[in-house]
Amino acid sequence: MTNLPLTVLLIDDNRSDRALAIRELRRAFAQLQIKEIREAREFEQVLDADAFDAVITDYQLGWSNGLEILRAIKARYPDCPIVMFTNTGSEEIAVEALKSGLDDYILKEPNRYVRLPASVQLALERKKNERRAALVELRLQSLLNRLDVGVFRATSEGVLLESNPALVQLLGVSSIAEAQSLLQPYLQKSFQSLANLSSPEPQECEIEFRRTDGMSIWTTLSLTFNTIDGEMVLEGLLNNITERKRAELEMQQVNQMLEERVKERTAELESANGELRQVNQELEDLTQRLSIANQELEEFANSVSHDLRAPLRIIAGMSQMLLEERSEQLDALSSDLIQRIIKNAQQTDRLIIDLLSYSRMGQTKIPLQPINLSFVVTDVLRRLEPELERQQVLVTVEEPLPRVMGNSLILSQVFTNLLTNAVKFVAKDTHPRVRLWAEVFNEWTRIWVEDNGIGITAENLQRIFRVFERLHSDEEYPGTGIGLGIVRKGIERIGGRVGVESQPGRGSQFWIELLTYTESP
Ligand code: ADP
């Protein structure tokens, strides 16, 4: 027994038939209300009132017939379940009534009354299910309408059966027909290729559409097969991927541009490399030519100095002979003149020697090696010993002296010149004092040579390192003016620096700076 409240319209002229029907219905429905209709006026009123859930009608009525009743109710209440219960109808009527929306047709026979409640119940449930399905569809439809993805279903010929508004919007058209004409070629083609597959799987492709507003849009079209009522249909999704595609295209362009730039750069580098190789080659050729020229120049300088020194030696030697062997025949003036000749010859010889070593300083290749400064200084002092003793020079060397990177020949010459100057440029009545020490500043070592000599004015501190720059006359302090030139050039050739600190009358402190030698671990 069903407990739901139910109001049934019972339309039948026959009173006992109505009573029988009511009896059967009450058995099935606990809260049943029956509205019995016997004439047209009652029917009109109840139609307007809309206060019933289901209708049971006879076909043959004195004032109407079941088909008209059916149509009148369906016109107002299309969802209302209607069962026809009659003994006057025919098969044609039954077919006609079912076509017009009748839910069931039952013949009025003694054993058929019992079927009436079940038939009403079934019709009610069917209507309820239909309403629920309609509601679900409505909700689905509203979801589809809100999607910004085009959703559609089409026949195998590409004719659109249904679609959501996004499809039309996305394609920039104003009607489904226009959307269809844009999509149809792709749908037909896809249908063909899907049909050719043994197990059709969803297909996806990217399509560019030119919209009627001139804009071009990129989409992905995803299609699958489905069978509805035995008919093959295509179900599809159309997604707007214009933004992504644009970004991809821009990325491609940027990549292409970068690739081109890389190619250009590589080409530039290659050509620069070629030029560099050529320049290097030219440089190598030049160096080779220079080394040959240097060699020739050195040979020339050697032979010139040899040729120049030979007559000088003869002049000095012969003059010396004159002085020694003919001294009694020479008057004072002649002796003095001959002595001057000897002195000049010796000085010129010195000049030739100095010039030769200065020119060698610039030409020979100088190999750098670790140098023990103590050895070099001790050696130089030993060679200068006679002169140092003659002048009663006090030399102080602050041992230990560090090891530096340099060249022993050059450093010998440098210290010889610095020490010779230190003891030469002193005031007449002063005993020369020389002090030599070193300071190590990590990478660099500075070696000082200090004297108690006449000193140098500030404006001359740079000048004296240039060749032939002398601050004194030959009579005061003899010399060639090349010594400090050799020092500067030599030190520069072994990667060092040279300088001096001094004040007139307060001695000078010459320094040279060289790379400290550190034993590799
Ligand atoms: P030379 O010693 O043959 O004159 P140098 O090139 O060695 O030539 O020196 C250039 C000049 O620098 C010297 O003539 C002298 O005037 C000055 N000089 C060099 N060393 C000293 C020193 N220790 N004290 C003062 N003056 C110096």
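Me: Where is Asp229 found?
Reply: Asp229 sits in the loop between strand 9 (216–228) and strand 10 (231–240). Strands (E, at least two residues) and helices (H or I, at least four) are DSSP runs, numbered from the N terminus. This is a predicted model: local features need pLDDT of at least 70, side-chain atom pairs count only at pLDDT 80 or more, and totals for chains, interfaces and linings use all residues. Residues are numbered from 1 along each chain as its sequence is written, and side-chain values use heavy atoms, with hydrogens and water left out.

Me: Is Asp229 buried or exposed?
Reply: Exposed, because its relative accessible area is 78%. Buried means under 20%, exposed over 50%, partly exposed in between (1.4 Å probe, protein chains only).

Me: What is phi of Asp229 near?
Reply: Phi of Asp229 is near 50 degrees, a positive value in a residue other than glycine. Gln392 also has a positive phi, near 50 degrees. Gln392 lies in the loop between helix 10 (373–390) and strand 12. Gln392 counts as exposed because its relative accessible area is 52%.

Me: New topic. Which residues does a cis peptide bond join?
Reply: Glu399 and Pro400, with omega about -5 degrees. Pro400 is in the loop between strand 12 (394–397) and strand 13 (403–406).

Me: And Arg265, where is that found?
Reply: In helix 8 (residues 242–325). Arg265 has 57% relative accessibility, so it counts as exposed.

Me: How many residues apart in sequence are Arg265 and Lys428?
Reply: They are 163 residues apart in sequence, and 72 Å apart in space, C-alpha to C-alpha.

Me: Last one. What about Leu140?
Reply: Leu140 lies in helix 5 (residues 115–146). At 48% relative accessibility, Leu140 counts as partly exposed.
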